[in-house]
Amino acid sequence: MNYDLIVIGSGPGGYVAAIRASQLGLKTAIVERESLGGICLNWGCIPTKALLKSAQVFEYINHAADYGINVAPAEADFAAIIKRSRGVADGMSKGVQFLMKKNKIEVIMGTGKAKPGNKVEVKAADGTLKEYTATSIILATGGRSKELPTVKQDGKKVIGYRQAMVLPEQPKSMVIVGSGAIGVEFAYFYATMGTKVTVVEFMENIVPVEDEDISKQLLRSFKKVGIDVMTSSSVESVDTSGAGCKVQVKTAAGMQTLECDIVLSAAGVVANIENIGLEETGIKTEKGKVVVDEYYRTNVKGYYAIGDIVSGQALAHVASAEGITCVEKIAGLHAEPIDYNNIPGCTYCTPEIASVGYTEKAAKAAGYELKIGKFPFSASGKASAAGAKDGFIKIIYDAKYGELLGAHMIGANVTEMIAEIVVARKLETTGHEMLKAIHPHPTMSEAIMEATADAYGEVIHL
């Protein structure tokens, strides 16, 4: 029952940390109460991308005539789409099971709780309790759908993202509260399937963490496909007493009543810090997050925390990076702290969104003098050939030294292109170097070079 490391939670932070620990020779166990892979593999990143792919295929077929191909009218089998998504998630979870066995990591099923004295108590499904000890304990318990006081979830008419992935039948109409990544991805999926979708966003712009130019482009793209968007608006109440839902929305013009079958609350996530032993062990929290240092050490020796329960971006790849950094420090390696200003963010609606670094507004606020370039995909030969001309690449440089401050993309496959910018920023690449790095033609990615050329007044194809 004694380990070098016990990880509580097997999401992309927890299971990656466990594997890296095993690679470094630590005797490791992982505690999971539900399914290996956590929310990301089972109820988040992976199954939602499977749903979105089905929507994209459906959209392709419906627009096949645009490519000179005539097909019979397509019909979406909603139940089959949901089933495929669950199958993809199940396959990925089985993959994590294989990785645990391969790396000789003991999987302990049950609800884990940190105890004083480097101990972990695990409550099994049948209620039995077992206690384990470890030199180091990592808390990686993740997050859950945030519940707004005015939008109480009942799991049937007012739902969170988990229920949105497994609805028994497609709703005719849906109001989505919140326009972050979760909200806009589901907005695209359900609207493409034929559901009438309205997005309600409290902030002035949709996808409010993105550069304002990205937000405006997504708004145009959404309106073009019939998604209604209400910004600077808040849901004041939801009446579920009738057959559907009556949603009271406060706008600048006054109160409006929206009627729909389903309300999806997509107002973000909240950390799972309850009942994991923080009080008993004396681990400090602040504003609903566990307080850690740059190597994820809590204020109590031997206890660490990573992922959604610590401050920083609540993203799968961030949790994985934190897990690796944490474990490498535990093992005595020279671990480099994470640069949180070089974390890419990706949103998988259509058009896709990808960004990293400073927005234009944040760069100005930080005191930089800027060179900004934009290149629209309407001027891209590859985008025109693919029939995907919506969107652009916007790239921001420091005018004085040529430092690559940030990049913001919206369009087809941009989530596959953002890594170039992440690596370039990591290597401290300048605008001149990016401009002189020859990009292949015709590709979507050459728009990065063209946007850079635009920033320096040398753009060829505009």
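Which residue just after H6 takes a positive phi? That's Gly-194, with a phi of about 115°. Keep in mind that the model you're looking at is predicted.

**Helix H6**

H6 covers residues 181–193. Is H6 enclosed or open? Ten of its 13 residues are buried, so the helix is largely enclosed by the rest of the structure. Among those buried residues are Gly-183, Val-184, Glu-185, Phe-186 and Ala-187. Further along H6, Tyr-188, Phe-189, Tyr-190, Thr-192 and Met-193 are buried too.

**Rings that meet**

Now for the aromatic side chains. A search of the whole structure turns up seven aromatic pairs.

| Pair | Centre to centre | Angle between planes | Type |
|---|---|---|---|
| Phe-78 and Phe-189 | 6.4 Å | 35° | tilted |
| Phe-78 and Tyr-190 | 6.1 Å | 40° | tilted |

What do these pairs tie together? Phe-78 lies in helix H4 (residues 78–102) and Phe-189 in helix H6, so their pair ties together parts that are 111 residues apart in sequence. The pair of Phe-78 with Tyr-190 also runs from H4 to H6, so it ties together parts 112 residues apart in sequence. Phe-78 and Phe-189 are both buried, and Tyr-190 is buried as well. Ring pairs also bring in Phe-186, giving a cluster of Phe-78, Phe-186, Phe-189 and Tyr-190.

**Charges over rings**

Arg-86 has its charged end over the ring of Trp-43, 4.0 Å from the ring's centre. Over at Phe-392, Lys-374 lies over the face of the ring, at 4.3 Å from the ring centre.

Which side of the line does Tyr-60 fall on, buried or exposed? Its relative accessibility is 52%, and exposed means over 50%, so Tyr-60 counts as exposed. Tyr-60 lies in helix H3, which covers residues 45–62.

Technical notes:
Residues numbered from 1 in each chain as written. Predicted model: local features only at pLDDT ≥ 70, side-chain atom pairs only at ≥ 80, totals over all residues. Heavy atoms only, no water. Helix = DSSP H or I, 4+ residues; strand = E, 2+ residues; numbered from the N terminus. Buried < 20%, exposed > 50% of the residue type's maximum accessible area, 1.4 Å probe, protein only. Phe/Tyr/Trp six-rings, centres within 6.5 Å; stacked < 30°, edge-to-face > 60°. Lys NZ or Arg CZ within 6 Å of the ring centre and 35° of its normal.
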